[in-house]
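Me: I would like to go through a protein model by question and answer. Please show the sequence and structure before we start.

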Amino acid sequence: MTNEFSQLNLHPELLRAAAELGFNKPTEVQTRVIPLMLEGKDVLAQSQTGSGKTAAFAFPVLENMINTNHQGSVNTLVLTPTRELAIQVADAIAQYSRHQKVEVMPVYGGQHYGTSRRRLKNGVDVIVGTPGRLQDLIRQRILDLSNVQTVILDEADEMLSMGFVDDVENILRETPAQRQTTLFSATLPKSIRQLADKYMNDPETVMIQRKQVTVDTVEQRYYLVNEKDKLAALTRLFEIEEIGATLVFTKTRVGSSRVANELIQRGFSAEALNGDLAQDARIRVLDRFRSGRIKVLVATDVAARGLDIDDISHVFNFDLPTDPELYVHRIGRTGRAGKDGIAISLVTPGDKRYLGRIGSFTKYQIPQAQFPTEKDVQERREIRLLAKMEVWLERDRCKREEEMAEYLVASGYDPLKVAAAAIKMARGEEKQRPIEKISEVRINRSSGKNSRRKQYSRNGKNRKRYPNSRGNGKSGASHEQGMVRLSLGRGRQHGINPGEIVGGIASRANIPGYGIGKITIFDKYTLLDVKEEYVSNVLNKTGSYHFHDQHNVDIKRASN
Ligand code: AMP
């Protein structure tokens, strides 16, 4: 196995880009996939988010472009399940090709077709897109894939579980049969192997071993909470836990800034550590954290990479990671050097399935804990205040304050009352920190295992099970508990299909595919069930959904 980038037979311009990006050594997936792809082989790779898989496929693709005189027609197609990933991957490829003339374009629902058409006319080499929108562009003859040399299916298992299997197959059929195909997937279920059998040419399989982990010195627990109450939950836990240097993990950069700001407003010394920070700003934040000037660092996984701090008392998963390996990675930041650490996860009903995966991966079922009550928090505040007062009493350095107390006593006030009034004033700042309510989580059958079954039922062959009755103006059968029925202003006569609906809504409203349940397509409109917790996300984007060639589509509450 090669250990250095320079041994991977890559062009100096690519090595330069890797060095500038701080990639000193190739990751395992890069060491194994790059040589195979350079040989022109199809590769089926099982690897996780964060493994460096983007560079693993991008470097060989870019290497080939340097060596062959590519002429601006689409040479490489990357399929991703979500718009976020499409943008992230396109950004990464643009970074890796910084010393080449390569045009990279992300494609996802919601973009203007005119812009895509214009850019494609001017010449695009690499397209990174979601299946729904790619298919739209093909149908409208905006996108021509007949010169594609390499196709990458990224996070293929996610793509299939979002119901994109037909779209993926349709797109693959638009590309030349002699193309090179590489597939990345965190898991390799039968559906992925079938896809590989059908569309890949004798692929080499690369399995990246998950690192086995034990985190015996970390106490783990989780709290079940509704998404909207996560901040209230976090602050309540901060009040009760004896937190030292603490890491809070969020899923997104935006999330990390938001959580850090909210914590600051609630009186905690917090800062965000995310990819938006320039290198010197990052170093300053880390210095402040190490020296204890800030207690809480709110980070994304990517930003926390390489963070090497031993004395972390708590790791909070503000957003539970979907990948068990990331979970282990995160909580391994505490409990280091023989010290005990505490890892606390906020788990929404929709996250429960990931909790199950984490449990089977770590061979440890994380126990659930109950939130401290408002009374508990109140008591803890009092204990803390008394402890602080005792410190001052021990120090005996309140000369001026004693004189003031003497004055009040000499004026006839009872010393006990004087002390009580002083404590009351000292507690004034607590009013700035009201104990926020945490609403009860109602677990219904549509979360956890059942929603998973639903998600699968949207895939491939089972898709036919969706009722496709003729519209009669009524809203159809009543929805399941925990689901809310919404109405989408387009139907069969507009060429709409369930896969597009799931993909289009999930990416636009930024919700997981499994948040969408039963879909009933009528002639002029469609009814769909959406999990309660995601309804506001979906409704907030009404008027901006795009499906097939339909723009600015409304989604409203159904009127039954
Ligand atoms: P990916 O799995 O492609 O999303 O990559 C995860 C992160 O690892 C990205 O932030 C990359 O910039 C970074 N990365 C990829 N390859 C390397 C490498 N060889 N050395 C250090 N970081 C890397």
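Predicted model: local features only at pLDDT ≥ 70, side-chain atom pairs only at ≥ 80, totals over all residues.

Reply: Residues are numbered from 1 along each chain as its sequence is written, and side-chain values use heavy atoms, with hydrogens and water left out.

Me: What pLDDT does the protein average?
Reply: pLDDT is the predictor's confidence in each residue, from 0 to 100. Here 89% of the residues score at least 70, and the average is 84.

Me: Which residues come nearest to the ligand?
Reply: A residue is near a molecule or strand if one of its heavy atoms lies within 4 Å of it. There are 13 residues around the ligand, and those that come nearest are Lys25, Gln30, Gly52, Thr54 and Arg305.

Me: How many residues of the shell around the ligand are charged?
Reply: Ala, Val, Leu, Ile, Met, Phe, Trp, Tyr, Cys and Pro count as nonpolar, Asp, Glu, Lys and Arg as charged, and the others, Gly among them, as polar. The shell has 4 nonpolar and 6 polar residues, and the number of charged ones is 3.

Me: What distance separates a polar side-chain atom of Thr54 from an oxygen atom of the ligand?
Reply: A polar backbone atom of Gly52 is 2.8 Å from a ligand oxygen atom. For a backbone N or O atom of Lys53 the distance to a ligand oxygen atom is 3.3 Å. For the side chain of Thr54 the distance is 2.6 Å.

Me: Is Asp154 buried or exposed?
Reply: Buried means under 20% relative accessible area, exposed over 50%, and partly exposed in between (1.4 Å probe, protein chains only). Asp154 sits in the loop between β5 (150-153) and α7 (156-161). Beyond its neighbours within four places in sequence, the residues it contacts include Lys53, Phe57, Met159 and Phe184. Its relative accessible area is 0%, so Asp154 is buried.

Me: Where is Arg83 placed?
Reply: Arg83 has a relative accessible area of 18%, so this residue is buried. Apart from neighbours within four places in sequence, Arg83 contacts Tyr108, Gly109, Thr130, Ser507 and Arg508. Helices (H or I, at least four residues) and strands (E, at least two) are DSSP runs, numbered from the N terminus. Arg83 belongs to helix α4 (residues 83-96).

Me: Why is helix α6 largely enclosed by the rest of the structure?
Reply: Among the buried residues of α6 are Pro131, Arg133, Gln135 and Ile138. The helix spans residues 131-139 and is largely enclosed because, of its 9 residues, the number buried is 8.

Me: Which residue just after α15 takes a positive phi?
Reply: Helix α15 (residues 352-362) has buried residues that include Tyr354, Leu355 and Phe361. Just after α15, a positive phi of about 60° is taken by Lys363.

Me: What is the phi of Asn510?
Reply: Asn510 lies in the loop between α20 (498-509) and β15 (516-521). The residue is not a glycine, yet its phi is positive, near 55°.

Note on methods
Contact = heavy atoms within 4.5 Å. Polar contact = N/O pair within 3.5 Å; in protein donor to acceptor, adjacent residues only side chain to side chain.
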